[in-house]
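Please look through the sequence and the model together. The paragraphs below go from a sheet to the domains, the core and the ligand.

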Amino acid sequence: MPDGSVTISQLDLELRRIRKRYGSFTAVDDVSLQVGKGQFVCLLGPSGCGKTTTLRCIAGLEEPDDGDILIGGKEVTGDPPWKRDIAMMFQDFALFPHMTVAKQVGFGLEMLGKPKAEIAKRVAEVLKAFEITSLAERKPASLSGGQKQRVALARAMITEPRILLLDEPIGALDYSLRETVMLELKMLQQRSGISFIWVTHDQNEAFSLGDLVVVMNHAKIEQQGTPEEILARPRTPFVAGFVQGNNVFHGEAGTAAGGVLRVACPVGEFLVPLADLPAPAPGAAVSFSVRAERIADRPDPTLPNRVTARCTAVEFFGAVRRHILELADGEVLKYDQFGALAPRILPGQTVDLGWRAEDSVLHDAVLQG
Ligand SMILES: Nc1ncnc2c1ncn2[C@@H]1O[C@H](COP(=O)(O)OP(=O)(O)OP(=O)(O)O)[C@@H](O)[C@H]1O
């Protein structure tokens, strides 16, 4: 499109106001999502927030009570899984125990009724592409976790679906393997042009892999955006609190002037830019966040946002020293210090900290319902 807008036919997936109930319990509530061609989408959120149920609705393993699902612009809401242009990969890989690797990988093509010779040719190609040719005659019980993962992926991708649905696909792998596997999967996804919808509760996975990250909580989407958008501008206190490294402050809106709001909190008054949000009514409950690395110790006297806090612990993350501090109202504040030469702050010490107005991010009061 010349103006850069996206038409429905350019979308691999569209969810329109999906709702799924189990009895009186709502597992997925009013979820809408648009996935462009070949996008890598991560559904991120705590356990029980509805990620897997959303994925199962897309797969056709659950039927939503309300809403529509479109794949490649075609309505598929009532269709069974095999009529949707999708494949699925589960955390436990769900390999067939008695089938050889070659047989498993060819299974999807067999189900589609493809001729034997064509299946054999494609299986050989895919085994080679996934570097598992030497495993062709082995059965799952004799494979390592990483090998099973490759087999499951090869089996899912051989039919070249429009969308691959992955439920915690690297959750069962050793921690040491995950980074390499993530990189491989990302490259594979980019080469294949297949959209990936990847469910995870691990924000490192979501932020390093996703073109689009969808943060869910209590059956709803709290925020969706690029990793950069979600890191830089969390829209709700939940998203800010869920993403590592944010400090969340709750307070009362004061006056707004020049696009900056005064917020009165138990530990002081702070200046917070309104950015694209309307000014809340004076006295309204509001919240904002500031990232741990945006805070400075021994702050310049001109910094408008200042607190005094007592250090309770120091953690080391490579080049970063994370300080856990206690504010006067008992709330926790995280402050990250970079560089080996920075003056040390020790547990028990009381320090002055501060940050610029523009490093505070106001949350959207409308979304806090
Ligand atoms: N078949 C079912 N019957 C009743 N409740 C269900 C059913 N399937 C899911 N739920 C409930 O729906 C909610 C959402 O479950 P879902 O599996 O989608 O969460 P999730 O975000 O994927 O969690 P996890 O990360 O733990 O897998 C949970 O409270 C779950 O107990």
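Which residue in β19 does Ala296 stand opposite? Ala296 stands opposite Gly354. The model is a predicted one, in which local features need pLDDT of at least 70 and side-chain atom pairs count only at pLDDT 80 or more, while totals for chains, interfaces and linings use all residues. Residue numbers start from 1 along each chain as its sequence is written.

Strand β15 and strand β19 (residues 350–355) pair in the antiparallel sense over 2 bridges. Two strands are said to pair if DSSP finds at least two bridges between them. Strands (E, at least two residues) and helices (H or I, at least four) are DSSP runs, numbered from the N terminus. The pair belongs to an open sheet of 5 strands with antiparallel pairing, in the order β15-β19-β16-β17-β18. Its edge strands, β15 (296–297) and β18 (332–338), each pair on one side only.

Next come the domains. The protein chain is assigned domain 1 (8–232) and domain 2 (237–368); such bounds come from an automatic or database domain assignment. The C-alpha centres of domain 1 and domain 2 lie 38 Å apart. Their contact takes 7 residues from domain 1 and 5 residues from domain 2, where two residues are in contact if their C-beta atoms, placed from the backbone, lie within 7 Å. On the side of domain 1 that touches domain 2, the elements that give two or more residues are β9 (212–217), β10 (220–225) and α7 (227–232). By class, that side of domain 1 has 3 nonpolar, 3 polar and 1 charged residues. Here Ala, Val, Leu, Ile, Met, Phe, Trp, Tyr, Cys and Pro count as nonpolar, Asp, Glu, Lys and Arg as charged, and the others, Gly among them, as polar.

The largest nonpolar core has 66 residues, and those with the most contacts inside it are Ala154, Leu164, Ile197 and Val214. Helix α4 (residues 145–157) provides the largest share of this core, 6 residues. Because domain 1 (8–232) and domain 2 (237–368) both give residues to this core, it lies between them. A nonpolar core is a set of buried Ala, Val, Leu, Ile, Met, Phe, Trp, Tyr and Cys residues joined through C-beta atoms within 7 Å. A residue is buried if 20 or more other C-beta atoms lie within 10 Å of its own, exposed if 12 or fewer, and partly exposed in between, with C-beta atoms placed from the backbone. Leaving aside neighbours within four places in sequence, Leu164 is in contact with Ala87, Met89, Ala156, Met157, Ile194 and Phe196.

Around the ligand are Tyr22, Phe25, Ala27, Gly45, Ser47, Gly48, Cys49, Gly50, Lys51, Thr52, Thr53 and His201. A residue is near a molecule if its C-beta atom, placed from the backbone, lies within 6 Å of it. The shell around the ligand divides into 4 nonpolar, 7 polar and 1 charged residues. Helix α1 gives the most to this shell, with 3 residues. Of the 9 residues of α1 (residues 51–59), 8 are buried, so this helix is largely enclosed by the rest of the structure. Among the buried ones are Lys51, Thr52 and Thr53. Just after α1, Gly60 takes a positive phi of about 90°.

Most residues other than glycine have a negative phi. Asp30 is not a glycine, yet has a positive phi of about 60°. Asp30 lies in strand β2 and counts as partly exposed because it has 14 C-beta neighbours inside 10 Å.
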